[in-house]
Amino acid sequence: MSHTLDTVAADLLARPCGGVRMQLTQYGYPNDPYTDSETRRGHGAYHSLVRDESVALTDSGLRALGLSRGDVLRSHPWINIQLRGGGTLERRIDDRAPEANMRADLYQPGGFDRRLPDYADVSLRR
């Protein structure tokens with residue numbers, strides 16, 4: 001009896017299944033104490049910032065998802081942010097967050113959302 005195994009592409013092996021737990025923060029809201037002039041102009045490190053679409057990731061967050069800065073510039077990837085208790089945010093990686101830890105920083109020009117959790121599972125949208 002012969003058994004065959006399915007082949008898995010190398011890029012799928014390098015990416016996490018189910019998501020990577022990251023700190024979830026927010027920036028760009030009115031009176032953000034850490035804002036900068038580029039954010040106020042709607043300029044991200046990779047692409048223009050868009051309300052309810054843009055997210056900034058730290059370099060360690062990119063690496064955890066199997067991405068590089070070059071990948072983000074070329075392919076403009078989207079991520080799913082699975083919230084505790086249900087719900088998923090879909091965001092496009094448009095900016096870089098300062099490297100303090102692995103995190104996703106939501107662009108929130110409409111205001112800080114206190115309902116969002118401090119951590120979430122982040123995965124690359126396919």
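**Close-up 1. Lining of the largest pocket by residue class.** In this predicted model, the lining of the largest pocket is made up of six nonpolar, six polar and seven charged residues. The pocket has a volume of about 320 Å³, and of the 19 residues that line it, Y27, Y34, D36, P98 and D105 are the closest to its centre. Two or more lining residues come from each of β1, α2 (37-40), β4 (88-96) and β5, with β1 giving the most, namely three residues.

**Close-up 2. The largest nonpolar core and the surroundings of I79.** The largest nonpolar core comprises 20 residues, and L24, L57, L65, I79, I81 and I93 have the most contacts inside it. At least two residues of this core are supplied by each of β1 (20-27), β2 (54-57), β3 (78-82), β5 (103-107) and β6 (119-124). Leaving aside residues up to four places away in sequence, I79 touches, among others, V55, L57, L65, L89, I93, V122 and L124, as well as E90 and R91. Another core, of five residues including Y27, L49, A56 and A97, lies apart from the largest one.

**Close-up 3. The two aromatic pairs of the model****.** Y27 and Y107 form a tilted pair, 5.6 Å centre to centre with 55 degrees between the planes; because Y27 lies in strand β1 and Y107 in strand β5, the pair ties together parts that are 80 residues apart in sequence. Both Y27 and Y107 are buried. Y29 and F112 form an edge-to-face pair, 5.2 Å centre to centre with 75 degrees between the planes. Y29 lies in the loop between β1 and α2 and F112 in the loop between β5 and β6, so this pair ties together parts that are 83 residues apart in sequence. Y29 is buried, with a relative accessible area of 16%, whereas F112, at 40% relative accessibility, counts as partly exposed.

How values were computed
Residues are numbered from 1 along each chain as its sequence is written. This is a predicted model: local features need pLDDT of at least 70, side-chain atom pairs count only at pLDDT 80 or more; totals for chains, interfaces and linings use all residues. Side-chain values use heavy atoms; hydrogens and water are left out. A nonpolar core is a set of buried Ala, Val, Leu, Ile, Met, Phe, Trp, Tyr and Cys residues joined through side-chain atoms within 4.5 Å. Buried means under 20% relative accessible area, exposed over 50%, partly exposed in between (1.4 Å probe, protein chains only). Helices (H or I, at least four residues) and strands (E, at least two) are DSSP runs, numbered from the N terminus. Contact means heavy atoms within 4.5 Å. On a 1 Å grid over the protein atoms alone, a cavity is a set of points where a 1.4 Å probe fits but cannot get out, and a pocket is an open set with protein on both sides within 12 Å along at least five of seven lines; lining residues have an atom within 4 Å of a point. Grid points are joined across faces, edges and corners, and a volume is the space filled by probe spheres set on the points. Ala, Val, Leu, Ile, Met, Phe, Trp, Tyr, Cys and Pro count as nonpolar, Asp, Glu, Lys and Arg as charged, and the others, Gly among them, as polar. Rings of Phe, Tyr and Trp (its six-membered ring) pair if their centres lie within 6.5 Å; planes under 30 degrees apart count as stacked, over 60 as edge-to-face and the rest as tilted.
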